[in-house]
Amino acid sequence: MDETYTSIALLEYMGEEYPDPYAADEAARQASEQLGDLSQVPGVQLWEPTRSTMALSQGYQRPNGTIPYKNQVVLTVFQLTPQMGKESYVLQLEDLPQEYLIRDGDRCTVKIKDGLWEDIAYDAFPARLPAKVRVVEDGTITLVDETQNITLDLSWLKEQEKCFDYVRATGIDVSTGQTITDEYLMGYRQVVVGTTGIIGKALYSYEGKSGVLIEVDPGDSGFSPQPGKRYLIHGQLYDSGNSGRAVVVTDFYEGCEQSPWVEYDSYDDSIFAQSIFTEYAQKYELGNNYIQVEASDQIAALEPFQQGTLYLREGRYPQAGEREVCVITFQWMVVGISNQAEGYEGRVWVSQGEPLPQTPLFGYMLGRAVLDNQNAVEAVKQMETQISDGVRVTLYDQGYAAAAQPLQAMEATAQGITLASLVGVLAVLCLFAFLFVGRQQQAVDVMVSLGTPKGGIRLWLLSGAILVAGIAILAGMAISAGSMQLLVGLALQTAQALYAADRRYSDGALGVSKDMEPSQSIPLWPALAAGVVVFVVALLLCVAFLRQARQKNTLRQGKSRVRVPRSGTSTAGAGALRFAWLSARRGGWRSVVVPVTSMVLTAFLGTLMVTALGWDGQKVQLYENTAITGQFTSVNGRQYTDLRLYDPWKLCDSGLIEEIQVYTSVPYWLQEESPTFADTALGGQLQDAWISKQPDMVFLNGLDVAPEFIYGEEKNITWLEGWDESFLADPSYYKEGRMSAWPCVASGDWMKKYALKLGDEVVVRADTMGDATVHIVGSYVTKTKSESMFLPLSFRCLPPWEAENDEQTIPYNGSFYGCCFTLKSAYDLENFREFLAQERYTMPGVLDGTRLVVLLDDGVFTQTVEALGRYMTLSQILFPVLFVLMGVLGFVVSWLMVNGRRMEFAIMRGLGAPQKWVFGSFFLEQSILCLAGCMVSGVALNLWSGTPLVWLAALGFGLCYLTGCALAVRAVGRTKIFTLLTHAD
């Protein structure tokens, strides 16, 4: 079974940009260096830190994935034509020209040399203006004054850029809460916004297009093309908002003195042979078409292969230490080809023997351990004690635990049954040998008397034993071979049903699970081996009992030993009790067997009872002391942040949620840090890119859901006096807090950077929110050096229990980026699973349902409950059987102890002892011995367990023992004396 499954543990650093595989995070690199050699952890078969590098392949073009220079181009353009565009600008009233048109909504003012018309009607639709004095703009601008019979064409004002709009901008001063108004004129003028041309030869372009129209933006390069000239330019493609493509001319690098554009006459110019343009074209081509090389001595255990995302389509994997071969490549020898999967384009896998160059860690995957399947869980726990904060260990066992537990349970049960069967078989074989030889006792005596040799007697007796035992063993082997398949199948089904567990949405069931079909063929050699062993043992026991039978009536030479009392005898206190006491004292080994047996069996029963009670108590404590948490995640179940959740509050409809925390965020920055961007499509894209890299202003109702803490990093927060985490869930800020400084928890590193302290107020600008004054009431420190700022969720939305309508529960951007929750009780876990299934929430690794993936942190809890449940189920099935067996064993032992003393019964009866006296003597003797053992065991168990219920075990065994004793004494007491003297055991 171990060959079918491969268990691995992935070690990842939960950094600020997790899970970006190309992030250069210094904290992740330090964590990688601190890991040490985890191969020494018990259960770890192979430990490999992440070892990868980039390589180049001539002629390979990367189809998708991460392409760093995808928009960079080096190309020629010709037939360049200037493109004019309208630009808006602010004009003060005192700067108005002599003639103008000012629009103010549906009113306007006109001043020309022919006169001044103030506050007259304005509209673009003549039919809507019944006014006698009006301005109509419908393709042309016309002034109509019916009072003076004047009609003037004012279109020339627009052509001369003398048309303006009157603008009133209102806002709220966040520091005072007062409304402020700003008034100004907005003018419009035509400017050259770019140039259109045709792409000629492309030294490098990822798209590789030529002969198509393209917009050329000069940017800050000073590019001012002349009509009819041809140019070689270096730039960056961007989306201009039109249907075509656009390129902005950019420097090769910051501070580069070489112009990013140059005029040329023909393609024979030297700049096309050797220049900075050709160098950068080659750089972009090679950089975009890189291949990623990853080294491992067990490639099949790498996550994409182990999880089934990739599989070997042809060939084989490189062997450990093998060099100059790979799974798929363009430079080494190809020994294997995998399938294609999104996110794994241009990947090559080689063995650790390949001498790859040493490169720093990119991304957050620190390494991977291949684990022994049976010890995988223990190995992960051991690794977690050796790693630093911020590092997470994820176990993928391909469903081994779920598949192995039934088989392991069946194996353990089979071993127990086998052991018990061996004891039973040995007892049965002893009984068989005893009875078979005993029945031939008289024949053996006659043969010995007649002088038959030992070998003849042995041969005669063993021939019968061989015949009887052989027939029985052959019949048993046939039955075993015929029923083994059915019995194993039934046992496996029972074990699977016993170990069946609901692991939906559980963190204990991450990754793919393999289905393993049990072997359909059962070998016959176990039945044959068992038959041979039983046959040999039966014959050996027969030989042993035969030797005893031959020596039974043989006279022995030597001295006889007679027990003499140490003191004089007495007849005081004569009666059943005195005889019982004296018999117990003088019984020798017989008087030791009963109390020892009673003590051992009572202790066994008491231990079973205490164990069963302990399991019940442990299960109750586990449910009462465990808090079940969970969160929304990515499909693979490993990313808890930067999600898109539109209604996480719906989980509250289950009625099983004790607490739910959500967060949403917007980037923020200090106003003086913002660079100036051009008022163009490209400028807008560059501004958006810059904003996306700024730290986040995070709105949440609890710190557990914060991106810095949701992965389990300890919260290290210093509070301003009078403040604590509860302010984040305060709903009052939804209406009242917008007029004052916003309380926040800021990063200690950010505060140090700007020389801030607790209690300070600072104005920040948030994307889509404008300027806001924040009041620092707490500071936190993390290893990721985060600069995020935490504010109450009510600045953006309210939870359902505080909202007046559904709209108030949705943030302005329409979605939340993370959510975690806690169930009211662990008893609600299964009901919550059913709720998630009914609402079609998605399980990790499964692409169905709503694509809203929920992960419950219940793996350890569920595993513990399952173990206790199995123990309790086994106790409910097995313990009653064991109690009955122990009772029967006590009954049988008492029967044998009494039935083996027939001669004593015959002597007492022959001396005229009354039947009641005989019964009392033997019964009281066994009672004294049995109760002595039960009392010792009961006291010891009571002191050990602290529960008086163990006395029930002593009482139960004592009753069974004494019942067997009473029946045996009564049965033997009613037997005739002659029968007692002649009956053979």
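Author: Let us begin with burial: a residue is buried when its relative accessible area is under 20%, exposed when it is over 50%, and partly exposed in between, with a 1.4 Å probe and protein chains only. This is a predicted model, in which local features need pLDDT of at least 70 and side-chain atom pairs count only at pLDDT 80 or more, while totals for chains, interfaces and linings use all residues. Residues are numbered from 1 along each chain as its sequence is written, and side-chain values use heavy atoms, with hydrogens and water left out.

Reader: What makes strand β25 mostly covered?

Author: Four of the five residues in β25, which spans residues 629-633, are buried, so four of the five fall under the 20% limit. In strand β29 (residues 742-747), six of six residues are buried. For the chain of 985 residues, the buried share is 42%.

Reader: What makes a stretch a strand or a helix?

Author: Both are DSSP runs numbered from the N terminus, helices being H or I over at least four residues and strands being E over at least two. By that rule the chain holds 19 helices and 34 strands.

Reader: Why are β25 and strand β33 said to pair?

Author: Two strands pair if DSSP finds at least two bridges between them; β25 and β33 (residues 818-823) are joined by three, in the antiparallel sense, and they therefore pass the test. Within this pair, Q631 stands opposite C820 in β33. β25 also runs antiparallel to strand β34 (residues 853-856), with four bridges between them, and here F632 has V854 as its bridge partner. A parallel example is β29 with strand β31 (residues 770-780), a pair held by six bridges, in which S747 is partnered by Y780 of β31.

Reader: Why do β2 and β24 count as edges of their sheet?

Author: The open sheet has four strands in the order β2-β23-β1-β24, and its pairing is antiparallel. β2 (44-49) and β24 (391-396) each have a single partner strand, so one side of each is left without a neighbour in the sheet. From one strand to the next, the twist averages 20°; such angles run from 0 to 180 degrees between N-to-C directions, along axes fitted to C-alpha atoms, for helices over the stretch in contact. Strand β1 (residues 7-13) is joined to β24 by six antiparallel bridges, and A9 stands opposite L395 in β24. Helix α5 (residues 376-384) lies across β1, β2, β23 (365-371) and β24, running at about 175° to β24.

Reader: What order do the strands of the mixed sheet follow?

Author: That open sheet of three strands runs β3-β17-β22. β3 (52-56) and β22 (347-350) each have a single partner strand and so stand at the edges. β3 and strand β17 (residues 290-295) pair antiparallel over five bridges, with L56 partnered by Y290.

Reader: Why is T359 called partly exposed?

Author: Its relative accessible area is 32%, which lies between the limits for buried and exposed, so T359 belongs to the class in between. T359 sits in the loop between β22 and β23. Contact means heavy atoms within 4.5 Å, and apart from neighbours within four places in sequence T359 is in contact with S52 and T53. T359 and S52 are 307 residues apart along the chain, yet their C-alpha atoms are separated by 7.5 Å.

Reader: Which residues does K650 contact?

Author: Neighbours within four places in sequence aside, K650 is in contact with F835, E839 and Y841. K650 is found in the loop between β25 and β26 (657-669), and its relative accessible area of 32% makes it partly exposed.

Reader: How many cavities of 30 Å³ or more are counted?

Author: One cavity is counted. A cavity is a set of points on a 1 Å grid over the protein atoms alone where a 1.4 Å probe fits but cannot get out, and lining residues have an atom within 4 Å of a point. The largest cavity has a volume of about 40 Å³, and its lining includes N701, L728, D730 and P799.

Methods:
1 Å grid on protein atoms, 1.4 Å probe; cavity = no way out; pocket = protein on both sides within 12 Å on 5 of 7 lines; lining within 4 Å. Points joined across faces, edges and corners; volume = space filled by probe spheres on them.
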